[in-house]
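I'll jot down what I look up as I go, starting with the rings.

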Amino acid sequence: MQELYMQYKGLLFKLAYQLTGSVSDAEDVVQDVFLKAYDIPPERLAEPRAYLCKMVTNRCRDLNKAARKKREQYYGEWLPEPFTSSDDGLMETIVRDDLLSYAMLVLLERLSTTERVVFVLREALGFAYHEIAELLDKNEANCRKLFSRASAKMGLNPDEAVPPEAAGQEWVHDFIAALKQGNMNRILSMLDQDVVLVSDGGGKVAAAVEPIETRDPVARFLLGPIRQVAMVDGEVIIEIGHLNGQYGMMIKSSEGIHTIGIFHVENNMIRNLYFVRNPDKLKHVGKGAIV
């Protein structure tokens with residue numbers, strides 16, 4: 001079983017994280033699945049990848065049903081729990097091509113539980129439709145329809161690969177420099193006219209309760225409340241971090257990181273900004289920065 005754990009823990013964590021949007025829940029699911037797997041007769045684990053993925057999927061579907069009820073009562077906007085790259089534990093296994101961008105994780109919230117499972121298995125992890133069908137006890141045609149429906153809900157073309165959305169390190173560095181300098185013109189030049197900023201404080205710290213839309217209001221928010229929370233003794237403390245396999249920014253105080261920002265860029269302009277401030281969601285954000 002230890003060999004199976006070492007071989008499949010990364011895959012199972014990637015699956016669980018993208019199905020739940022929670023690092024904590026994903027870790028718990030993986031541990032729970034392997035504990036239960038100890039009692040499974042070896043003959044039933046003849047194809048461990050499929051069997052373990054099915055166990056994870058079923059557990060995540062149960063969690064999502066309960067989570068949706070909680071999110072109906074969540075204060076303000078809900079965003080997935082971010083993480084930073086790490087050299088140990090499960091984190092090191094998930095910064096790969098089969099991890100959807102943070103912006104895509106946000107879009108997954110539009111989907112039903114089954115649609116989300118099909119989309120993640122197909123788009124992120126590269127499962128064939130016949131594999132997905134066997135895992136979900138559905139036929140292949142139905143799984144194709146579910147994927148097409150999920151893509152439509154997310155505003156994607158199901159016949160085209162999901163385009164890259166992550167901003168490069170130099171681009172993020174320039175944005176942070178403009179924010180530190182309070183350079184309104186430079187900030188405006190990097191924002192799409194229809195940019196949307198979403199902030200998640202969970203009712204525990206200050207955050208915008210509703211999304212902020214279009215260039216001017218977003219720029220004012222960035223150079224007002226966001227820049228203010230980044231001030232320590234008159235200095236703006238913002239660093240580049242590797243968040244969810246892409247470059248983003250981390251705002252720090254003497255007590256550690258209290259805000260992270262992740263970008264979705266289209267045509268070299270910021271289309272979406274996601275700020276996570278809920279302290280419960282920052283437990284898996286590391287202390288180090290890239291530069």
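This is a predicted model: local features need pLDDT of at least 70, side-chain atom pairs count only at pLDDT 80 or more; totals for chains, interfaces and linings use all residues.

I checked Y129 and found it buried, at 8% relative accessible area (buried means under 20% relative accessible area, exposed over 50%, partly exposed in between, using a 1.4 Å probe and protein chains only). F147 is buried as well, at 5%.

Residues are numbered from 1 along each chain as its sequence is written, and side-chain values use heavy atoms, with hydrogens and water left out.

How many aromatic pairs does a search of the whole structure find? I get eight (rings of Phe, Tyr and Trp, the last by its six-membered ring, pair if their centres lie within 6.5 Å; planes under 30 degrees apart count as stacked, over 60 as edge-to-face and the rest as tilted). Y129 and F147 make an edge-to-face pair, with 6.2 Å from centre to centre and 80 degrees between the planes. Y129 sits in helix α6 (residues 129-136) and F147 in helix α7 (residues 140-153), so this pair links distant parts of the chain, 18 residues apart (helices are DSSP runs of H or I with at least four residues, strands are E runs of at least two, numbered from the N terminus).

Next I looked at F175 and F263, an edge-to-face pair at 5.1 Å centre to centre and 75 degrees between the planes. F175 is in helix α8 (residues 169-181) and F263 in strand β7 (residues 256-266), so the pair ties together parts 88 residues apart in sequence. Both F175 and F263 are buried.

I also noted one aromatic cluster, made by F13, Y17 and F83.

**Cores**

The largest nonpolar core has 64 residues, and F119 and I260 touch the most other members (such a core is a set of buried Ala, Val, Leu, Ile, Met, Phe, Trp, Tyr and Cys residues joined through side-chain atoms within 4.5 Å). Helix α1 (residues 2-20) gives this core its largest share, 10 residues. Another core lies apart from it, with 31 residues, including V172 and I212.

**An arginine inside**

Is R116 buried or exposed? R116 is buried, with a relative accessible area of 2%. I find R116 in helix α5 (residues 113-124). Leaving out residues up to four places away in sequence, R116 touches Q18, L19, T20, G21, L105, L108, E109 and L111 (contact means heavy atoms within 4.5 Å).
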